[in-house]
Amino acid sequence: MRALLSDLITRSAVRDPSFVMLSGDHGCVLFNQIRRERPAQFINAGIAEQGMIGIAAGLARVGFKPMVYGLAAFVPMRVLEQIKLDLCVSRLPVVVLGDGAGLVYSTWGVTHQCGEDIAAVAAMPNLRIYSPTDRAEMQVCYDAAMRYQGPSYIRIGKEDRSVAHDGPLDSTDPHFLRTGSGRKVCLVATGSMVSSCLRIAKELDLACVSMPQLKPVGERLPEMLGRFSVVVVVEEHSRYGGLAALVLDALCLGDAVAHRPRIHSLSLEDKFPTRCGSYQYALSEHGLSDAQLGSRIRALLPPAQGT
């Protein structure tokens with residue numbers, strides 16, 4: 001996914017002289033291509049993320065098309081005020097990339113982990129939020145963010161997990177990766193948790209939905225989930241203000257839902273890490289490692305018909 005992102009950024013720069021990439025002194029390898037082919041369109045703003053958002057806002061006001069990159073723990077978390085006042089109030093078309101969201105930087109501890117970003121930015125008017133899981137979703141989310149005439153946040157989590165899609169997508173709407181034929185249970189996930197849920201859904205013959213766009217939530221989501229008895233939302237984010245909250249909100253407000261399923265949330269627990277370790281270890285502190293997730297979802301399944 002990072003290789004594709006590097007290609008997309010460079011292609012944007014080659015195609016459009018007004019495109020400018022800004023980095024908060026992160027992502028050196030990611031930007032090798034644009035620095036080699038379009039060095040004048042790349043700015044390393046240094047470890048000064050607040051100023052970087054201000055520079056991007058100024059560039060957008062005079063006709064440039066800025067994209068901003070940083071670790072999610074810093075962009076958007078360190079620059080919430082600048083995103084709100086510099087970008088959202090004026091609805092400036094600036095794309096914000098937050099890399100390493102969730103527990104990706106598991107060995108670096110709480111300073112570099114980020115399980116609160118969706119909740120922090122979702123309430124900001126005019127801002128759209130994307131959370132791709134693989135190359136197909138990154139492509140469609142990137143294109144949508146570039147077309148939108150306002151600020152966007154693209155959340156990038158663990159990017160080397162298995163691929164969920166066989167081919168390209170034509171929209172960022174929520175979509176079934178599989179519909180299942182057994183129990184009326186659907187797993188809903190976004191970003192890095194999609195591949196885990198798809199694997200478990202195949203093992204247990206469940207439905208699985210991926211949500212590459214989190215705000216606004218796709219209009220079809222209530223209708224899609226309304227036919228299930230149980231919906232299990234899985235996310236590498238706090239349950240407070242994250243995917244589970246967005247799904248609940250959509251189901252509660254959806255006029256077309258005749259039947260509302262029972263919702264279970266498997267999210268980051270309400271605590272900070274006390275130890276560092278591998279990515280799977282960090283997930284295990286919240287019961288979300290690959291091994292734990294399968295067991296927890298099995299425990300939530302209703303009895304199969306006829307048993």
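**Pockets, cavities and cores**

Modeller: Gladly, and please keep in mind that this is a predicted model. Let me begin with the second largest pocket, whose lining has six nonpolar, four polar and four charged residues. Its volume is about 250 Å³. Among its 14 lining residues, Gly115, Glu116, Glu269, Lys271 and Phe272 are the closest to its centre.

Biologist: What makes a residue count as lining the largest pocket, and which are the closest to its centre?

Modeller: A lining residue has an atom within 4 Å of a point of the pocket. For the largest pocket, 21 residues line it, and Asp16, Phe19, Lys65, Ala145 and Met146 are the closest to the centre. The pocket has a volume of about 290 Å³. Helix 6 gives the largest share of the lining, five residues. By class the lining has eleven nonpolar, five polar and five charged residues.

Biologist: Why are the cavities called cavities and not pockets?

Modeller: A 1.4 Å probe fits in a cavity but cannot get out, whereas a pocket is an open set. There are two cavities of 30 Å³ or more. The largest has a volume of about 40 Å³, and its lining includes Ser131, Arg155 and Glu236.

Biologist: What makes strand 3 and strand 4 a pair?

Modeller: Pairing needs at least two bridges. Strand 3 (residues 65-71) and strand 4 are joined by five bridges, so they pair, and they run parallel.

Biologist: Which residues touch the most other members of the largest nonpolar core?

Modeller: Val68, Val94, Val188, Met211, Leu225 and Val247 do, in a core of 47 residues. Members of such a core are buried and joined through side-chain atoms within 4.5 Å. A second, separate core has 27 residues, including Val185, Val194, Leu204 and Val232. Leaving out residues up to four places away in sequence, Val68 touches Met21, Leu22, Ile53 and Val94, among others.

Key. Residues numbered from 1 in each chain as written. Predicted model: local features only at pLDDT ≥ 70, side-chain atom pairs only at ≥ 80, totals over all residues. Heavy atoms only, no water. 1 Å grid on protein atoms, 1.4 Å probe; cavity = no way out; pocket = protein on both sides within 12 Å on 5 of 7 lines; lining within 4 Å. Points joined across faces, edges and corners; volume = space filled by probe spheres on them. Buried < 20%, exposed > 50% of the residue type's maximum accessible area, 1.4 Å probe, protein only. Contact = heavy atoms within 4.5 Å. Helix = DSSP H or I, 4+ residues; strand = E, 2+ residues; numbered from the N terminus. Nonpolar A, V, L, I, M, F, W, Y, C, P; charged D, E, K, R; others polar.
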